[in-house]
Every structure is written in C-alpha cells, then in structure tokens.
Amino acid sequence: MRRINQILVLSLLMLLTSSAFAGGGWPTPKEKGYFKLSQYVLQANQYYSPSGEIIDIATAGIYISSIYGEYGLTDRFGISAYVPFFSRATLNEQVSSSGTLLAEGDAVNSLGDFDISFKYGLIVNKPIVVSASLTLGLPLGNPSGGSTEILQTGDGEFNVMLSVEASRSFNGGKGYVNTLLAFNDRSENFSDEFRWGVEVGYNIAPKWNAALKVLSVNSLSNGSDLETPANGIFSNNIEFLAITPELNYSLNEKFGVSGSIGFAASGRRVLARPSYSLGVFVKL
C-alpha cells in the first residue's frame, strides 16, 4: 500500500506539470505579457496500473495555487515561469466495512516544483510560425512530506526539457492550431521522456474562446525501474494521454477568467480521475 500511495501522489504531480505545455509557436511580443493566477484540484480513488488497467486505490488529492507568467524581452525572445506557491497533498484515512480504522489520513503543505522557460522564435511572421524552448524544472517542492513521509509536492529531481512548437491560425485569426514535440532530460535516474501535443482553439463568440489540448507523455524507460525507485520515494516510467478542454472568457481587453477539466484517457502509473482548474488572467 505504501508503494501504491507513492505512485499516486507522484502521478498527480506529473499530470499537473506536464499539462502546462500550451503557448504555441508565437513568441510573446516585446514588452507584452500574460499572467494567470490559478487553483488546481484533483482527487482520485482510481489509477492506471503499470499494465494500464484501472484499479481502485485509497483516495489521494492535491490542491495547488499557482502563478503562470510569460513576458517578451524582444519580439523573438521571451521568458515564462510556472510558480506553484502553495501545494497541498493529501491521503484520506482508510476504514474497513465494519468501521475499523485501517490507516490514518495524512497531508503536507509546501511550495511546489517551479518551471522556468526561455522561448525563441525560429520562424516568425509566416503562415506557420515555429519556436524553440528550453525549460528548467526546479525541485523546490517537498519530496517526502507528511507524517508518513510518502506525500510529495515535488518530484525531487532537476530536469531540462527541449521543445519545438509550430502554430498556424485560421479563419481570419479566429482559430489556431498548436503542435508540440519535446524531449525531457530528467536527473536522479528518472527515465527521460518524449512528449507530443496538439492544441486547437477557436473564438466561439465575442469574448469567448474554447480550446482542446491533447498531451502525450511517453517514458524512454532508461531510468530506474518502478520497483527500484532511485531515492526510495519516487517512481519512474509514468505515461499518459491527457485530454483537456478549456474555456476562456475575456472581461475586457486585459482581464479574463479561465476554466478547464483534464482527463487521462489512458496511462500507466497515473491517476484515472479528472482534474479541475480555475483561474483569472491579465494581459499586458
């Protein structure tokens, strides 16, 4: 049970951080920016086993308050950051059908793992634009929290991800398509990852934009095996296909609200329940 709980909480973190790939091939213009304050919630009593089957588990949860921001330093080069300034991971108590307490609940609160990215526009001002990004994953979360020391708000490993995004608008700029290819080099004997993603968005009404994001994370299985975790806390070789519908409403030219629901359509060693995110954003 202890090992399963470790897998679950790590899976939560992986699903969360990996879903934030959006941004597209357009670099943020000089002195322009986008900032978003979000609340993310995920509770799950099911997860995908290493063989891909869905099984029942003790309910785990994570609640993350974060700020995402991107800013254009030039018309081709920009910087962005994902800052989870408060993360809470929980594990519900377990009670038998006769009412006997089988295991106490647990919780941990801390910072989460930060991401800092640098994006450069390789092809700009063309029908199809392309950009390349370097993302640094900073392990500032707690990899062994709670009284049981099995709860995590960070994965404990530093990673470097290289990604290429290509984008095209259509129907006079009312819609867009983003594509993503990425390689994530992970430390601490974690397996590296290959990722691909597609995002389609459209202005469905004045002030309303809808988007559908698909992200696939695939392990290269070149790290420590699941059954022999590198540091006794984390596991490797997590895989999933995440599908995330998102809806954005602009209050005016600068401010708006955003909501999304994320699903793991398939996976290995990842939670099998939807996540929810709600945020407010401002454009510079």
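Reader: Hi! Of the contacts with a separation of 6 or more in the protein, what share comes from residues 24 or more positions apart?
Author: Those residues account for 62% of them, where a contact means heavy atoms within 4.5 Å. Keep in mind that this is a predicted model, in which local features need pLDDT of at least 70 and side-chain atom pairs count only at pLDDT 80 or more, while totals for chains, interfaces and linings use all residues. Residues are numbered from 1 along each chain as its sequence is written, and side-chain values use heavy atoms, with hydrogens and water left out.

Reader: Thanks! How many helices and strands does the protein have?
Author: There is one helix, along with 16 strands. Both are DSSP runs numbered from the N terminus: helices are H or I with at least four residues, strands are E with at least two.

Reader: Which strands does β1 pair with?
Author: Strand β1 (residues 33–48) runs antiparallel to β2 (residues 54–72), with 15 bridges joining them. Nine bridges pair β1 with β16 (residues 275–283), again in the antiparallel sense. Two bridges join β1 to β15 (residues 270–271), also antiparallel. Pairing here requires that DSSP finds at least two bridges between two strands.

Reader: And what stands opposite Y47 in β2?
Author: That is I55. In β15, the bridge partner of Y47 is L271. For Y40, the partner in β16 is S277.

Reader: What about the turn between β1 and β2?
Author: The two strands form a hairpin with five residues between them, and G52 in the turn has a positive phi of about 95 degrees.

Reader: How much of the protein is buried, by the way?
Author: Of its 284 residues, 46% count as buried. Buried means under 20% relative accessible area, exposed means over 50%, and partly exposed is in between (1.4 Å probe, protein chains only).

Reader: Nice. On to charges: how many salt bridges does the structure hold?
Author: Seven, each being a side-chain nitrogen of Lys or Arg within 4 Å of a carboxyl oxygen of Asp or Glu. R186 meets E157 in one of them, at 3.1 Å from N to O. R186 lies in strand β10 and E157 in the loop between β8 and β9, so this pair ties together parts that are 29 residues apart in sequence. R186 also bridges D155, with the closest N and O atoms 3.6 Å apart.

Reader: Why does R186 count as buried?
Author: Because its relative accessibility is 9%. For E157 the value is 1%, so E157 counts as buried too.

Reader: Which residues are linked in a network of salt bridges?
Author: D155, E157, R186, E193 and R195 are linked that way.

Reader: Last one: where does pLDDT stay under 50?
Author: Over residues 6–22, for which the model has 61 contacts beyond four places in sequence. Residues 227–234 are below 50 as well. The mean pLDDT of the protein is 87, and 88% of its residues reach 70 or more; pLDDT is the predictor's confidence in each residue, from 0 to 100.
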